[in-house]
Amino acid sequence: MRTAATDLVGIDLPIFGFSHCRDVVAALSNAGGCGVLGAVAHSPEQLDVDLTWIEQEVKGKPFGVDLLVPGKFAGSDEGGLDRDALASLLPDEHQAWLDELLDRYGVPPLPDDVRFPRGAGGMRVDPKSMAPLLDVLFSHDTKLVASALGPPPAHFIERAHGAGIPVAALAGSVEHARRHAAAGADLIVAQGGEAGGHTGEIATLVLVPEVVDAVAPIPVLAAGGIARGRQLAAGMALGAEGVWCGSVWLTTEEAETAPAVKEKFLQAGSGDTVRSRSITGKPARMLRTPWTEEWERPDGPGTLPMPLQPMLVGEALARIQRVATTDGSGAQQLATYFVGQVVGAMDTVKPTRRVVLELVEEFVDSVERLGRLVES
Ligand SMILES: Cc1cc2nc3c(=O)[nH]c(=O)nc-3n(C[C@H](O)[C@H](O)[C@H](O)COP(=O)(O)O)c2cc1C
């Protein structure tokens with residue numbers, strides 16, 4: 001299956017897969033697609049270890065790396081505050097509300113030997129934290145770099161192009177896509193609102209053809225709601241040159257999804273997700289659980305902007321995840337994670353390779369079926 005997107009990175013199948021888990025990334029690249037490692041929570045040292053490991057596993061097959069490079073974040077107006085200064089902006093009222101919530105659900109504190117300084121949770125989204133990550137990224141054999149949340153900055157694009165690496169950028173609206181194209185992106189991921197993680201409100205079916213037309217001849221990948229071959233065929237029918245999937249890998253054998261969350265995903269239906277600001281401060285689709293519902297209570301303090309919200313809730317989420325088992329405890333009830341509406345179709349644990357094969361098999365069946373419609 002050759003398309004402009006497969007030619008851009010040198011892969012056999014137009015299936016790109018976002019995952020935080022290096023095992024999924026390697027398995028996907030080895031199956032003929034392009035695994036893309038989500039590196040926003042990586043330290044430079046961990047990124048170096050993971051990329052070295054992936055390189056050994058894929059033996060020259062292409063893989064990519066994805067970072068979050070937001071245009072605006074709290075503190076940027078003040079000249080870019082460092083983490084300590086940002087931590088001092090966390091309101092005591094929010095911390096007290098969160099402490100009470102965890103008490104009410106009986107979530108135990110972290111053990112004494114696990115240190116989690118106030119505000120230490122969160123993502124490396126500020127320019128200072130980003131620079132060493134970029135140094136590691138560009139020292140490896142990456143064949144694609146991707147950036148979400150805003151157009152890729154000029155220095156990022158220049159450096160990638162200088163190294164001969166194409167840049168992908170995620171867009172949730174046609175305006176975003178136009179900005180990415182103007183900034184010099186080589187591949188636009190048109191991500192509809194049904195997707196897991198940060199997302200807009202426009203559905204994939206509406207967004208993809210709009211973006212394809214707006215940024216032509218730049219190739220577009222369809223993302224959001226794609227977990228099976230009929231959806232892959234739909235994405236291609238909308239004019240995309242490939243698809244970009246995130247949720248479907250979370251219940252694969254290789255995924256390191258927390259066991260309690262994996263179990264919830266396997267049970268969930270397509271109506272069990274919600275766009276919530278409760279983890280990152282920006283709307284992100286995740287499983288609806290008491291955690292998301294508590295944050296929506298009108299008598300609650302409301303969420304903080306990025307990057308304060310992840311700094312506020314980092315320790316709480318670590319506490320929940322550490323003890324969340326499948327035993328119905330308060331931590332188990334609260335536990336949530338990013339996932340899209342396709343969670344309803346994720347009902348068995350499979351190897352990543354199997355997911356890819358099934359995507360292709362069902363794609364072929366769909367295309368044959370559509371072909372017969374035309375003949376008749
Ligand atoms: C668990 C999870 C985390 C995500 N984190 C990121 C991220 O850090 N950067 C990014 O560009 N996209 C992220 N996304 C979005 C994916 O890249 C992808 O666009 C999306 O999952 C596609 O929709 P789908 O979930 O319906 O497959 C994430 C998605 C999920 C499910």
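T352 is found in helix 15, which spans residues 352–375, where helices (H or I, at least four residues) and strands (E, at least two) are DSSP runs numbered from the N terminus. T352 is buried, with a relative accessible area of 0%; buried means under 20% relative accessible area, exposed over 50%, and partly exposed in between, with a 1.4 Å probe and protein chains only. Leaving aside neighbours within four places in sequence, T352 is in contact with V24, A27, L28, W249, T252 and E254, contact meaning heavy atoms within 4.5 Å.

This is a predicted model, in which local features need pLDDT of at least 70 and side-chain atom pairs count only at pLDDT 80 or more, while totals for chains, interfaces and linings use all residues. Residues are numbered from 1 along each chain as its sequence is written, and side-chain values use heavy atoms, with hydrogens and water left out.

**The ligand and its shell**

- Of the 19 residues around the ligand, those that come nearest are D66, Q191, G225, G246 and S247, a residue being near a molecule or strand if one of its heavy atoms lies within 4 Å of it.
- The residues of this shell divide into eleven nonpolar, seven polar and one charged; here Ala, Val, Leu, Ile, Met, Phe, Trp, Tyr, Cys and Pro count as nonpolar, Asp, Glu, Lys and Arg as charged, and the others, Gly among them, as polar.
- At least two residues of the shell are supplied by each of strand 3 (63–68) and strand 9 (242–245).
- An oxygen atom of the ligand is 2.8 Å from an N or O atom in the side chain of D66, and an oxygen atom of the ligand is 2.5 Å from an N or O atom in the side chain of S247.
- Taken alone the ligand exposes 590 Å², of which the protein buries 96%; accessible areas come from the Shrake-Rupley method with a 1.4 Å probe, and for residues only the protein chains shown count as cover.

- Strand 2 (residues 34–38) and strand 3 pair in the parallel sense over four bridges, and V36 stands opposite G64 in strand 3; two strands pair if DSSP finds at least two bridges between them.
- K59 is found in the loop between helix 3 (44–58) and strand 3, has a positive phi of about 45° although it is not a glycine, and is exposed, with a relative accessible area of 69%.

- Three strands form an open sheet in the order 7-11-10, with antiparallel pairing; the edge strands, each pairing on one side only, are strand 7 (197–198) and strand 10 (273–276).
- Strand 10 and strand 11 pair in the antiparallel sense over four bridges, and the bridge partner of V274 in strand 11 is M286.
- In helix 11 (residues 259–267) the buried residues are A260, V261, K262, K264, F265 and L266, and these pack against strand 11 (284–287) and helix 14 (330–334).

**Cis peptide bonds**

- The peptide bond from A216 to P217 is cis, with omega near 5°, and P217 lies in the loop between helix 9 (204–215) and strand 8 (220–223).
- The peptide bond from M306 to P307 is cis, with omega near 5°, and P307 lies in the loop between helix 12 (290–295) and helix 13 (308–323).

Conventions: A polar contact is a pair of N or O atoms within 3.5 Å; within protein, one must be able to donate a hydrogen and the other to accept it, and residues adjacent in sequence count only if both atoms are side-chain atoms.
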